[in-house]
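Here is a briefing on helix packing, a salt bridge and model confidence. Please read it alongside the sequence and coordinates below.

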Amino acid sequence: MATAAGFQSITGAVTGADSFSKFHIHGHLPPPTVSFGAVRIFSPISSVSPRRRNPAMPLFSGGGGGGINGMGNSGGGGGGGDDDVSGGGGNDDKSKKKAAVLVLAEMGRSLESIPKDLAAAIESGKIPAAIVEKYFELEKSALFRWLLKFGGFRERLLADDLFLAKVAIECGVGMFTKSAAEYERRRENFFKELDFVIADVVMAIIADFMLVYLPAPTVSLRPPLAVSAGAIAKFFHSCPENAFQVALAGNSFSFLQRIGAIVRNGSKLFAVGTTSSLVGTFATNIIINARKSVDTSSAGEVEDVPILSTSVAYGVYMAISSNLRYQLLAGVIEQRLLEPMLHQHKLLLSAFCFAVRTGNTFLGSLLWVDYARWVGVQKVQEAHE
């Protein structure tokens, strides 16, 4: 008997964008591209800055396992603290503000001509000049200029100019790897259980985007909460988007804040997984009932997918497995390992990200099918002689 739908290649700590700060490629080649089918998503960040940096300041601090500095080199591993940055304080903020304002002057722009949250971050000395330069580089592309109007995309693109390419990789590859994983697990029952395969893919496409978006490292431009906000709200507001991301120079995240990032993203992914599964299982039940009305002989062979139990099971799966896998993928494998090694070879870096994300997507699909059968929301169809 068949039951259940769900499909997943979505994952965060080893299951929700990986900050490629700076890459230097000599020569005058056009920006590298990542091709996916007929779609070409590129990074508009040129490898060689057209102007001299003033002053040279680290873009990321390097505590707790290796950071990345303004030149794209791997930073030193932290000792006791988590991304602790010594010295500076107010003087460091003033220095960053001065450097960022100088970049604005060089570009002939004013604070009023850029988004309010970015302008406020410059005024408060929260971001280095390198981030402001990246913003103007991204603005040169019409697509990125439009995406930069949205706060969530702005924070992620400033941290990683390949973020959009990763979204395309995840959603595109997800369709194929999820289908392959479904076939691997179902084999001779693949077409008999096609209803569930379709539901799995529907859920996956909805969830894939969120699995890249939510755990992606960001350059935080969020304003502080109101003084009247509760202690819990203030705590989660101070947490990073990715538990393993490298902090901007001059900032740091405590161990508790990084744990908070996992909990917060887990709750969001639970909501995303449950909602996407509701859509997927609802679509599956429509297909099953349509089949019954056309082929009465199949009425006893198929049964409706249990919508509520499947949706909750999928939400739990995304909150735990997907959440952890994707946080590890974006914050550790991509940002802390691949980027420092391949910062001068962006095209090669994109290829490695493609390979790693493809493997992670396929793994997530296999784990979901096993998990769904383990908790009983999907049953194995017995092959008929």
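**Helix packing and confidence**

Residues are numbered from 1 along each chain as its sequence is written, and side-chain values use heavy atoms, with hydrogens and water left out.

**Helix 6 with helix 11**
- Helix 6 covers residues 163–186 and packs on helix 11 at about 40°, with the axes 8 Å apart.
- Axes are lines fitted to C-alpha atoms, for helices over the stretch in contact, and angles run from 0 to 180 degrees between N-to-C directions.
- Helices are DSSP runs (H or I, at least four residues), numbered from the N terminus.
- The crossing of helix 6 and helix 11 is right-handed (the near helix is turned clockwise from the far one by less than a right angle).
- Their contact has 10 nonpolar, 5 polar and 10 charged residues.
- Nonpolar means Ala, Val, Leu, Ile, Met, Phe, Trp, Tyr, Cys and Pro; charged means Asp, Glu, Lys and Arg; the others, Gly among them, are polar.

**Helix 10 with helix 11**
- Helix 10 (residues 307–342) and helix 11 (residues 346–375) pack at about 160°, axes 10 Å apart.
- That angle makes helix 10 roughly antiparallel to helix 11.
- Their crossing is right-handed.
- The contact residues divide into 20 nonpolar, 5 polar and 5 charged.

**Helix 7 with helix 10**
- Helix 7 (residues 194–213) packs on helix 10 at about 40°, with axes 12 Å apart.
- Helix 7 is therefore oblique to helix 10.
- Met203, Ala204, Ala207 and Leu211 of helix 7 meet Tyr314, Met318, Ser322 and Tyr326 of helix 10 (contact: heavy atoms within 4.5 Å).
- By class, this contact has 7 nonpolar, 1 polar and no charged residues.

**Salt bridges**
- The structure holds 13 salt bridges (a side-chain nitrogen of Lys or Arg within 4 Å of a carboxyl oxygen of Asp or Glu).
- One of them joins Arg109 and Glu139, at 2.9 Å from N to O.
- Arg109 sits in the loop between helix 1 (90–107) and helix 2 (116–123) and Glu139 in helix 3 (residues 129–139), so the pair ties together parts 30 residues apart in sequence.

**Confidence**
- The chain averages a pLDDT of 75, and 72% of the residues score at least 70 (pLDDT: the predictor's confidence in each residue, from 0 to 100).
- Residues 1–42 have pLDDT below 50, with 226 contacts beyond near neighbours in sequence.
- Where pLDDT is low, predicted coordinates should not be read in detail.

Methods. This is a predicted model: local features need pLDDT of at least 70, side-chain atom pairs count only at pLDDT 80 or more; totals for chains, interfaces and linings use all residues. Helices (H or I, at least four residues) and strands (E, at least two) are DSSP runs, numbered from the N terminus. Angles under 35 degrees count as roughly parallel, over 145 as roughly antiparallel, 65 to 115 as roughly perpendicular and the rest as oblique.
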